[in-house]
Amino acid sequence: MSRAVPHHAPSVEFNASIGGRAVTAMAEAVVDLDAIAHNTRVLAAPAGPAGMMAVVKAGGFGHGAAEVARTALRHGATWLGVTSVDEALALRAEGLSAPLLLWLYPPTETFEAVLSAGIDVSVGAVAALEVLADAADRTGTIANVHLKVDTGMSRGGAPLEEWAQLFAWARKFESAGLLRVRGLWSHLANAENPESPALLAQIREFEAARQTATAAGLAPPILHLANSAAGLQVPQARYDLLRAGIGLYGIEPVPGKSYGLRPAMTVRAQILLTKRVPAGTGVSYGPDFFTDRETTLALVPLGFADGVPRQTGGRASLSVHGVRCPVAGRVSMDQVVLDVGDLPVRAGDWAVMLGPGDLGEPTAAEWAEWAGTNPHEILTGIGARVRRRYESRDTP
């Protein structure tokens, strides 16, 4: 069981100093690094010979990229993956020297800083190969590239009709000592059903890409296709390296199946104000909501600027003293109002937006259902005003 954050913990534990002034967090996201470590071990177990890539893009799915990366690398991850140049360089600035792949960049990127930092680059077009080769020539640094092919997702990567040209140019630049083709990869559109015809077709396309690359004289040592879901249940998609994204953060990637992953984030805020109101009291903008009885309302400093989806008003709830309390009325930018009924609630008590669910609090999956989205959007949407705090029994 993941260690839930006690709802009654005194706020003094979370004081900080900003500009010499003591500041108490009104809202915080507590990240359980032991859960990250556990999830890494679960996901790394079925990985191929190159191991597991911890995908820490978007600030580690909102958890903190550097903190998650360090924990994952200590517990079985061998690679890190991010979206952008800025994300990659930020990890290097944090002292993380592990193999690192990035896959999105503008056409104007020159790559000098990337090559200097020893960062691998995904390439799905000849034009990007040319820019990388030019950067390698100017800096005297061989560029490590992972050639990306589109196998049916119709997003990033070279389409089938461009594979031969991409591979030919990669071979040319590799022979010239400018590039090293370290990987060949693609991205699955859906790995939830291991017998899906579309999934099996993508695997066949990836095999065709490998054969085409071999025919062009390329021998990339790392082939990678599997995400969290495929890594756990589609052995033929694992190849050399497993890329773990949402599973790393404890969200089960296959609906209806549990692999023992543990959600790592708990988001909570201190109640700022309570008030007793009669039946028929309108609450928040509109108002669209009126109390149906005498009740207590509690003001919580979490709103849509902090990651509470605005469209969840009327469906969502937060947990106070282990009891689900519905959001009353519309979600505001900075706050929500809870209908706590007759609970003995006072200012300073904690309201839990989401967590592992061990103490009855809502989970990221529930918020995703209320908002009509996925847990990825819920986790990455937790705003910068919500202070991150890290807990672990065995991680410095």
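The following exercises examine a six-stranded sheet and selected residues in a predicted model.

Residues are numbered from 1 along each chain as its sequence is written, and side-chain values use heavy atoms, with hydrogens and water left out. Because the model is predicted, local features need pLDDT of at least 70 and side-chain atom pairs count only at pLDDT 80 or more, whereas totals for chains, interfaces and linings use all residues.

**Exercise 1. Determine the strand order of the open sheet and identify its edge strands.**

Step 1. Strands are DSSP runs of E with at least two residues, numbered from the N terminus; two of them pair if DSSP finds at least two bridges between them.

Step 2. The order of the six strands is β18-β17-β20-β12-β3-β21, and the pairing is mixed.

**Exercise 2. Trace the pairing of β3 and β12 with their neighbours.**

Step 1. β12 (residues 265–270) is joined to β20 (residues 350–354) by four bridges in the antiparallel sense.

Step 2. Val267 in β12 stands opposite Ala29.

Step 3. β3 pairs with β21 in the parallel sense, again over five bridges; Val30 has Arg389 in β21 as its bridge partner.

**Exercise 3. State how many residues of β3 are buried, and which way they point.**

Step 1. Buried means under 20% relative accessible area, exposed over 50%, and partly exposed in between (1.4 Å probe, protein chains only).

Step 2. Six of the six residues of β3 (residues 27–32) are buried, so this strand is largely enclosed by the rest of the structure.

Step 3. Ala27, Ala29 and Val31 point one way, while Glu28, Val30 and Asp32 point the other way.

**Exercise 4. Classify His224 and Leu272 as buried, partly exposed or exposed.**

Step 1. His224, in strand β10 (residues 222–224), has 0% relative accessibility and is therefore buried.

Step 2. Not counting residues up to four places away in sequence, His224 touches several residues, among them His146, Trp185, Phe206 and Arg243; contact means heavy atoms within 4.5 Å.

Step 3. Leu272 lies in the loop between β12 and β13 (273–277). Its relative accessible area is 40%, so Leu272 is partly exposed.
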